Amino acid sequence: MEKTSGVIDKLYAYIYLRGFKIWSSYRTQMILNVLSWALPVFTYYFVGTSLGGNLVEKIGVPDYTAFVVIGLAFQGYVSSIITTISQRLRNEQVYGTIEYYVLSSGGVVSFLFYSVLWGFVINTISAGVTLSIGLILKVHYDVNLLTTFIIILLLLLSTIGFSMISAGFTMMVKQGNPIAFFFSTFTTLMSGTVFPVTILPTPVKDVSLAIPLTWALNGLRLSMLSGEGVIQLANIIGVLILFNVILLPLGIGFYSYSFKRARKKGTLSEY
Amino acid sequence: MIKVVNVSKTFKTGGKEVKALNNVSFELEKGKIGALVGHNGAGKTTLIKILSTLIIPDSGDAYINGYSVTKQEKEVRRNIGTMMVSERAFYYRLSGFDNLVFFGIIQGLSVSEAKRVANEVLELVGLSEWKDVQYMKYSTGMQRKLALARALILDPPVILLDEPTLGMDVVSSRDFRSLIKVISKEKTILLTSHNMKEVEDLADKIIVLKRGNLIAEGSKEDILAKLGKVKLVSVRDVPRGFDKYVVGYDNGIFFLRVPESESISGNVIKEESPTLEDVFVYLMGEEIDSTRNKSRRGGWRRRVE
């Protein structure tokens, strides 16, 4: 039989069938998800309000609500996608479907890529909800669309790189994934999501600068709140490109190696 | 056509090396049904997974319609449909139809093609009425049928089935065998099974594996001939001179494998020709050791029960 599926067909399969149809079949989970996107914004809004404007300004944040809204909206892109991918891979092992992805026409790279896209879709909705709440809380947006788009794209690509490394670990060690653990627990602390990294102790601050999200959040705040353009943010965009140059080949290499190793050891569907 | 050439595979488990397959070679001609039989751990699933490109062999190679499983993985994958032993392997919250459409698309079909083919294969396996029901509500038999339907989505020339009727009741199992017969008219099928009745019913060629070694292969007649021209006799007392023919004992009944030329008198409960299951028990070396009069695992006992 001649094969003709393209990107749109794959999107239908991964985003609509496996993503939305299954996600929306768990009604309670769907409602809780939406609440989990909305509630942290209010939490930090009241933290900022109770601290008072002067105190927050001392750490270099003139509008704390705007700072937090951007941080929370986009932190999910990284932590949630990476942990979702690891969990997805493990689920497929548990379900016994992982072998069918290996046998599929796009192989396991296609599986991961489209799974990331589902994470991207769900986190874009999450970001939309968070940014809308920001509007209600009187955050003033001055968005440079091109710069914002470029930074989100670069952030997403670096996230794919990390996702591949993380998924490779899941394939090799099954449980106890250090990459997923790091991103699910440390990004809020270390990437400037709810406070600027400038207040961190120097060694921790250095580590935070090795995380693409730290740079991306910095860039997104400037492009979405101050309307800064590509030229003004060239240094941030350059650093993000550098991350991608390193992370993407590393991720693809490690991910492919982990599957080949599993096929040699016969542990593909073990979990 | 399937060709396996000197395939070996060793796994390391808990610091020990386990030889799953040892220099296994055989061929299955186009349009034939082959059955891999052997105990759990004999290497059947490992071989099916090697043929599916899911496990890489340590040495040797195998060919699906001429394509090497070690060097031409993509071509092999286009030529096979697989049904693995896993009970899950579908999305529980999606309907049977949506599951097939999903797997059709990831195998390369467009949405419209996948929907058309899903309807066709659901019709073929008799699940059309249940197509919109969630997979989690399917019975075991229906789940296995859906797995077969998935293997047929691309209409591949070679189908690999790992214990296709596992967990099915007698009627569903018979139903499923009929289905395999229908499909086999145009395809080469290799299946694994513990059910000798199923193997007897379906297989043109039987491949017997024991601890990773191929110990016998051939048609049903070839395999039956391994026992020679014998008859199986059940008696309450073993006549003098017939001790050497005792191959089983259970609950006061002795089971003897006697050359057809010999006649046995008195106390005969039953006399019959050997079945494939008898030969399998013989090949696995699990009959009674008549020299020590001690039953090992009692394959004959199963026949009596």
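The crossing of H2(A) and H4(A) is right-handed (a crossing is left-handed if the near helix is turned anticlockwise from the far one by less than a right angle, and right-handed if clockwise). Helices (H or I, at least four residues) and strands (E, at least two) are DSSP runs, numbered from the N terminus. This is a predicted model, in which local features need pLDDT of at least 70, side-chain atom pairs count only at pLDDT 80 or more, and totals for chains, interfaces and linings use all residues. Residues are numbered from 1 along each chain as its sequence is written, while chains are lettered from A and ligands numbered from 1 in the order in which they are written.

Let's stay with that pair of helices. Helix H2 (residues 27–51) and helix H4 (residues 64–95) of chain A have axes 9 Å apart and pack at an angle of about 155° (axes are lines fitted to C-alpha atoms, for helices over the stretch in contact, and angles run from 0 to 180 degrees between N-to-C directions). That makes H2(A) roughly antiparallel to H4(A), since angles under 35 degrees count as roughly parallel, over 145 as roughly antiparallel, 65 to 115 as roughly perpendicular and the rest as oblique. Among the residues of H2(A) that meet H4(A) are Pro40(A) and Tyr44(A); residues are in contact if their C-beta atoms, placed from the backbone, lie within 7 Å. By class, this contact has eight nonpolar, two polar and no charged residues (Ala, Val, Leu, Ile, Met, Phe, Trp, Tyr, Cys and Pro count as nonpolar, Asp, Glu, Lys and Arg as charged, and the others, Gly among them, as polar).

Now find helix H6 (residues 107–136) and helix H7 (residues 145–173) of chain A, whose axes come within 11 Å and cross at roughly 125°. H6(A) and H7(A) are therefore oblique to each other, and their crossing is right-handed. Leu112(A), Val116(A) and Phe120(A) of H6(A) take part in the contact.

Next, look at where the chains meet: 29 residues of chain A are in contact with 29 residues of chain B. On the chain A side, H1(A) gives the most, with nine residues. That side divides into 11 nonpolar, 10 polar and eight charged residues.

Finally, turn to chain B, which is assigned domain 1 (2–218) and domain 2 (225–304); such bounds come from an automatic or database domain assignment. Taken over C-alpha atoms, the centres of these domains of chain B are separated by 35 Å. Their contact takes nine residues from domain 1 and seven residues from domain 2.

Key:
Contact = placed C-beta atoms within 7 Å.
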